[in-house]
Amino acid sequence: MSILFKGRSQGASERKINILQRIVMFFVNHVRQALGSLGELWRQPAASLMTIGVLGLSITLPSTLYILVKNTEKISAGWEQAAEISLFLKPGTSAGSAQQLLTRLQTWSEIDRVVYIPADDALAEFQQLSGLGDAVKYLESNPLPDVVLVTPNEKHVAPTSARLLLEKLQQQREVDIGKLDIEWLERLYRFLNIATELVTIIGVLLFIAVILIVGNTIRLNILNKRDEILVMKLVGATDSFIHRPFLYTGFWYGLLGGVIAWMAVILILWWMDSSIQAFAALYDKSFRITGLTGTALFTMLGLSVLLGLVGSLISVQRHVREIEPK
């Protein structure tokens, strides 16, 4: 019994060792083939750099446009004023009634801020800005009404939401007229929508171009190694073993192309920064472009690697299958 038990325990131990060896060899083979594909790129530096450069520049354009569109959020920090609603109160509205209106509006979830401007303050501001000076004093009465400025929150600055909020505000009993520059607001958001769609279209087209470039490059590599692939199939090599070096080549193309795109984006933003600063200075503003954040950088690199893998996978699935021993 003891001999049988020892034999069973020894067999179980051997199976565990075999499983562990298979796992280790699996990773060793992957590392070996990954480094081997990188070595082949190193042995052909001119062709490899040209392909990687094309991939990097193809990814640079949509990445730069994406950053510029995202930076418009910083510029639009004051755009909520474009959605600011001016409520002109009815003549004869008392200060108490105006205060009640302000109290009610401050409880609305659609509103971020409410400012009350009495008619006397509005007239004083008009006198200062218009340059009429003492001529305003000859008015028999103040022609300006009390005004309430309503700033919607971020969820209600869009044209449709702002218009609905204006209609709701005009129903208040103290309000005589409500004003909102809807046309300017609509033009503003249409421009942003066009810019976003343009970046998406350009990005999709260039990403397709990256896949085609990688696929064609891998196809040429497969044709150059046709005899080697035939020998490997004759000796019984598995399809995954034959495919892996080409897939790793696509991986390296994508990763190195993403690194080049990242460096190109930094260079472009640095080049544009001085011009943007000079333009902002004309309006007494200070603005600095925010580059790729950590999340955006890893997303760009991940997308670049994915495009390289997709291009190589399509080429491998199509062209390696066509190579069969006769």
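Reader: Taking helices (H or I, at least four residues) and strands (E, at least two) as DSSP runs numbered from the N terminus, in which helix is threonine 64 found?

Author: Threonine 64 is found in helix H2. Please keep in mind that this is a predicted model, in which local features need pLDDT of at least 70 and side-chain atom pairs count only at pLDDT 80 or more, while totals for chains, interfaces and linings use all residues. Residues are numbered from 1 along each chain as its sequence is written, and side-chain values use heavy atoms, with hydrogens and water left out.

Reader: Fine. Is threonine 64 buried or exposed?

Author: Threonine 64 counts as buried because its relative accessibility is 6%, where buried means under 20% relative accessible area, exposed means over 50%, and partly exposed lies in between (1.4 Å probe, protein chains only).

Reader: And what does threonine 64 touch, not counting residues up to four places away in sequence?

Author: With those residues set aside, threonine 64 touches Val265 and Ile268, a contact being heavy atoms within 4.5 Å.

Reader: Switching to the inside: how many residues has the largest nonpolar core?

Author: The largest nonpolar core has 25 residues, and Val210, Ile218, Ile222, Ile229, Phe246, Tyr253 and Val316 are those with the most contacts inside it. Such a core is a set of buried Ala, Val, Leu, Ile, Met, Phe, Trp, Tyr and Cys residues joined through side-chain atoms within 4.5 Å. At least two residues of this core come from each of helix H1 (2-43), helix H2 (45-75), H6, helix H7 (226-234), helix H8 (239-281) and helix H9 (294-319). H8 supplies the largest share of this core, six residues.

Reader: Which residues is valine 316 in contact with, leaving aside its neighbours within four places in sequence?

Author: Leaving those neighbours aside, valine 316 is in contact with Ile218, Ile222, His243, Phe246, Leu247 and Arg321.

Reader: Now the strands. Why is strand E1 largely enclosed by the rest of the structure?

Author: Strand E1 (residues 85-89) is largely enclosed because four of its five residues are buried.

Reader: How many bridges join E1 to strand E3?

Author: Four bridges join E1 to strand E3 (residues 147-152), and the two run antiparallel; strands pair if DSSP finds at least two bridges between them. E1 also pairs with strand E4 (residues 175-179) over four bridges, in the antiparallel sense. Leucine 87 has valine 148 as its bridge partner in E3, and its partner in E4 is glycine 178.

Reader: On electrostatics, how many salt bridges does a search of the whole structure find?

Author: The search finds three salt bridges, each a side-chain nitrogen of Lys or Arg within 4 Å of a carboxyl oxygen of Asp or Glu. One of them joins the side chains of glutamate 174 and arginine 104 (2.8 Å, N to O). Glutamate 174 lies in the loop between helix H5 (159-170) and E4, and arginine 104 in helix H3 (residues 95-105), so this pair ties together parts that are 70 residues apart in sequence. Glutamate 174 counts as buried at 5% relative accessibility, whereas arginine 104 counts as partly exposed at 24%.

Reader: What else does glutamate 174 form a salt bridge with?

Author: Glutamate 174 forms a salt bridge with arginine 173, the closest N and O atoms being 3.5 Å apart, and arginine 173 is exposed, with a relative accessible area of 56%.

Reader: Which side chain does glutamate 110 meet in a salt bridge?

Author: The side chain of glutamate 110 meets that of lysine 168 (3.0 Å, N to O). This pair links distant parts of the chain, 58 residues apart, with glutamate 110 in the loop between H3 and strand E2 (111-117) and lysine 168 in helix H5. Glutamate 110 counts as buried at 14% relative accessibility, while lysine 168 counts as partly exposed at 35%.

Reader: Last topic, helix H6. What separates the C-alpha atoms of threonine 200 and tyrosine 66?

Author: Those C-alpha atoms are separated by 8.6 Å, although the residues are 134 residues apart along the chain. Threonine 200 has its place in helix H6 and counts as partly exposed at 46% relative accessibility.
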